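Colleague: Could you take a close look at one pair of helices for me, and then show me what else is around in the fold?

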Amino acid sequence: MTTRHSNGPIISVQHIAKRYRTGSITRKTFRDELRYNWFKWTGRRPEEHMGKLGRTVNPDFWALKDVSFDVAPGEVVGILGRNGAGKSTLLKILGRITEPTQGQAVVTGRVASLLEVGTGFHPELTGRENVYMNGTIMGMKVREIDAKFDEIIAFSEIDKYIDTPVKRYSSGMYVRLAFAVAAHLQPEILFIDEVLAGGDLAFQRKCLGKMGSIAKDGRTLLFVSHNMAAVQNLCSRCIWIDDGRVAAAGAPKEVISQYLNTQTRVEGQGDGPLYRLDDARERTGNGRIKLTSFAAVDD
């Protein structure tokens, strides 16, 4: 673990950019197929050589573009943005799962990441073995994990299945154990992506309560969520990522308002802005009747 300076940021993101190659090489003829495999067999990248002849379709996609911000120790920061905006890519860079194409991110302290269901779990190991493996990866001693083990199992509520290989777990059981491990193994920094949606409503509330207690303990939390109420109640600051860039940063209420107005408003319809709900994710009921939009018609 790197020593942290008390007066400096615990997370420093400096001009981060991330590029992915998303295109495919069209191989319409037998000659194209032979050339493609020849380049692979000789250790060369087909997209580089065949692309010169215009055969690579949309080769580059920039998930992040010149993103910069700092996070102070003990801050709880919400990351907002539509699907595909670059939020998860940002957390993967901070969690050292992937490297940035440009720029650098400095993260100081013990980190726990909860980015996707099952991330960091070995499917062939039991739940118990995965708890100890994750704790060891985080630099904890066995006696430290022993001290937290019962608390982890009690929180996850899967004690009956703790000695079952996790490959047999449902997605909800994965989420329960993964969150319990990440929250109880005393990380200094916790990254949470939109994985809590995989759990039931009661467990989501339980997790939000635990995140609140983590924040009160002075630990640093980066929280990606489409649950605006949870973000506003939990976070001290918000960063809105749009099309790979920082669109706004500041007080949660203000940033959330900007984000919602921009993402859902359709200008020029009726007396006020029309808010579209076609892509609303948090719905209840049987779906026989759906609210698709609403409008503000006066002050």
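**A helix pair and a sheet**

Modeller: Helices α5 and α6 make a right-handed crossing (the near helix is turned clockwise from the far one by less than a right angle). Keep in mind that this is a predicted model, where local features need pLDDT of at least 70, side-chain atom pairs count only at pLDDT 80 or more, and totals for chains, interfaces and linings use all residues. Residues are numbered from 1 along each chain as its sequence is written, and side-chain values use heavy atoms, without hydrogens or water.

The axes of α5 (residues 142-156) and α6 (residues 171-184) come within 8 Å and cross at roughly 140° (lines fitted to C-alpha atoms, over the stretch in contact for helices, with N-to-C angles from 0 to 180 degrees). On the α5 side, Lys148, Glu151, Ile152, Phe155 and Ser156 meet Arg176, Leu177, Phe179, Ala180, Val181 and His184 of α6 (heavy atoms within 4.5 Å). By class, that contact has six nonpolar, two polar and three charged residues.

Now the open sheet: six strands run in the order β5-β6-β7-β3-β8-β9, with mixed pairing (at least two DSSP bridges per pair). β5 (111-114) and β9 (245-250) sit at the edges with a single partner strand each, so one side of each has no neighbour in the sheet. From one strand to the next, the twist averages 15°. β5 pairs with β6 (residues 189-192) in the parallel sense, over four bridges, and Val111 has Ile189 as its bridge partner in β6.

Key
Helix = DSSP H or I, 4+ residues; strand = E, 2+ residues; numbered from the N terminus. Nonpolar A, V, L, I, M, F, W, Y, C, P; charged D, E, K, R; others polar.
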